[in-house]
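Please look over the sequence and the model shown below before reading on. The paragraphs that follow lead from one chain, to the place where two chains meet, and then to a single residue.

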Amino acid sequence: MRLRIKKHSAGILISICILALFLFVAIFADFIAPHDPEKANLQDRLQGPSTEYPFGTDHLGRCIMSRIIFGVRISLSVGLLVVSASLCFGMAVGTISGYYGGILDEIIMRIVDTFLAFPGLLLALGISGLFGAGFTNMVLALIIVEWTSYARLARGSVIGIKEHDYITASRGFGADDFHIIVCHILPNIISPLIVMATIGMGYVILASAGLSFLGFGVQPPTPEWGSMLSDGRIYIRSAPHIMIFPGLAIMTAVIAFNYLGDGLRDMLDPKKRTISEM
Amino acid sequence: MKINKKLKVPFLVLILIASTVAGSLCIEQDTQKQSSLGSGGHLNCALAFGPSDTLDPVSKWVGWYVREAGLYETLFSYDENMVLQPELASGYEKISDTEWKITLRKGVKFHDGTVMDADAVIYSLNRVLDSENARKSEYDFIESITKDSEYSITIRTKYPYAPTIASLTDPIMSIVSPKAEDLQNKPVGTGPFKFKSYTRDVSISLERFDDYWNGVPKLSSIDVYYVTDGMTRLFKLESGEVDLITGVPQSEIATLQSSEDYEVFTKETLRSYFLYVNMKKEPFSDRNFRQALNYALDRQEIVDIALERIGGTPAKGVLPSVSEWSVNDQLEVIQRNETKAKELLSQAGLEDTDNDGWLEYNGKDFEINIVTYTNRPQLKPSAEVIETQFESIGLKTRVTTMESSAIEADMSNGNYDLALYAWVVAPTGDPDYFFSKHFHSNGTEALKTGYSNPQVDKWITAARQTTDEDLRREYYNNVQWQILEDCPEIFVFYQNAMDATSSKVGGFKQYPNEITIITKDVYLK
């Protein structure tokens, strides 16, 4: 039993280290990046990794490492913006829906169903296409797609606990709905939502890279991992490093968030907790 | 049966690999069987652009795609050297300035067995003149088309119109069978191959037309696949799935050329890449400013970097050198001239007033936005190189990529700075098509740039209405010189067509106007 806890914490620890590194890089990008990420050096184009350009250069001679470093900013901010907005909105809507039930619940859940009926990325693609390309529109599109699953999860959890004795007791003491929701319900439903949000970060980073790859996201020359992949596509054989490094960056970020989410789930899972405490 | 847990995963992987291998073997056998059918063999090819919701040649540019596949033909066409040839016509005669008598080829049959005669031709041409047709205005000069006999017709024009015969080479003027019932889905033409089936946006299947008027086509059947992505087309060629592809990615040309298994074809085309300039907006309305942009471009560098040296040639003037109307033999490529560009910029009122390294216009921050679309892989990298060239003389620049329909809407509303576009400048061989659209004040594209020069209008109209070859040449030369002066559009480079076949394919030729690809002469060795 002890072994299992250790294994999980190792995963979490590595993920946290990686994500801390990403965060550090994002904040201090200006100081860390060896070159200007948007500056083209046409003489140095399509160079392989070297001491001057650790990850090589792309088709316009821009330093890939610097572009990846600045790309962390974009990816993390898209992830944080989308996930926090969807979490807040989804949680609020889901809690209200689950707590009050009835016709309100019906209406909200049918709306959620409508959104969930479409494959997530496809819907985001459609909305981005409608709004036009760009950072803000991409974030909006992803929020519209993402909030529904949080609402669904929040509602389910609320329904599960709203009939518990301590809620009834609190109501008996004269607490109003707002007090019950904020002080008694939210603390009890928050852990699965946090786990979902952590894993959601990975998904959103992947989705935003996908949208940018297709030209719907961040516009050139702003460095973004997905559009870097797209730019390198025709050089996949003659200069594969243009695609490999941004690909690795996306992969690392997504895996780190997934591992963290998995670990958090095991840690926060009340059943597992009781087993390991026994 | 219980499998040891440890062995479970490797075992599953093994099954997966085994089934994949077995599956791919089956596919290979299948294609082998197909290619041995018939005497001439079966050709698979992958083209970059294709039709979507309709196969009717009168719909916009669909005619190009169905001609490329070998389904349809026109009365006249251009050969691989851009020399006008009679195709379904056997000749023409100019009766007067507004009357053209065309004799038709005898013994031509449509795929459905109908004989091609004057009635069929008039029927086909009238479909384009129909008021519903989106490109009807290009043929507004036609007064009437009448039947003289079974095999000859006369076209009367409203005013003397020299490019009349050339205008019949546009694939929109494809001759279709008057008996065909559903041209949108079941094309019936006179081409060397007849229609078998079409899967929307995916592929079209064709088989040999045995009664073809110009000898029996060599191939027995063809599958044309429409694949937008260049690398995917290349991989299809290399995996042997297809034997002919258009639009080889320029980064891969050298590797492909060094291999004996493939043959690479490159040829300068009539496709020109240029920047629309929004002359309705300041400071773009100032000729000095437009000239400064013109001198800021290093066209050779654009070709070297964005096109890997091989995808095109630097532009000299409006018309690519392959056009017989081009004045390029008297021109040099405009070299980048930083001092001249900066001088012109300061004359246009652009100065770095706050010493931030960027030029300001009338003391205000100034940024140029180049919009372009991504369907053609050359566009975005070219725009990015242009961006660095503008920035190096102090003009802050950014590149935006959008859907071409969105760009067109913006351009019509005058809501853009520069737009990088690609046009085939003389698909019908004659410059009138491009010049009247782009440089005549009333032209659809001139409305986007806001260009209007009464002298140029006069030349274009006069050149259209006279049939004196020398006089026309003089007018068109004048237009070309004047456009270089006025710079309503800044010409960047001419594209090379880059196609490749496997070494099995023979008889393939490239046509500069990009409207002929599959002919009766293509064969498999």
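Chain B holds 15 helices and 22 strands, where helices (H or I, at least four residues) and strands (E, at least two) are DSSP runs numbered from the N terminus. This is a predicted model, in which local features need pLDDT of at least 70 and side-chain atom pairs count only at pLDDT 80 or more, while totals for chains, interfaces and linings use all residues. Residues are numbered from 1 along each chain as its sequence is written, chains are lettered from A and ligands numbered from 1 in the order in which they are written, and side-chain values use heavy atoms, with hydrogens and water left out.

The C-alpha trace of chain B spans about 85 × 80 × 40 Å along its principal axes. Of the 525 residues of chain B, 56% count as buried, meaning under 20% relative accessible area with a 1.4 Å probe, protein chains only.

Turning to the interface, 21 residues from chain B and 17 residues from chain A take part in the contact, which is defined by heavy atoms within 4.5 Å. Chain B and chain A bury about 1700 Å² between them, 51% of it on carbon and sulfur atoms; buried area is the accessible area (1.4 Å probe) that two parts lose on being put together, summed over both.

Five salt bridges are counted between chain B and chain A, each being a side-chain nitrogen of Lys or Arg within 4 Å of a carboxyl oxygen of Asp or Glu. B:E308 forms a salt bridge with A:R45, and the closest N and O atoms of this pair are 3.1 Å apart. On the side of chain B that touches chain A, at least two residues each come from helix 5 (230-238), helix 8 (299-306), helix 10 (379-391) and strand 18 (396-401) of chain B. Helix 10 of chain B gives the largest share of that side, six residues.

Within chain A, A:V93 lies in helix 3 (residues 64-100) and is buried, with a relative accessible area of 17%. Not counting residues up to four places away in sequence, A:V93 touches A:I108 and A:W147.

Note on methods
Buried < 20%, exposed > 50% of the residue type's maximum accessible area, 1.4 Å probe, protein only.
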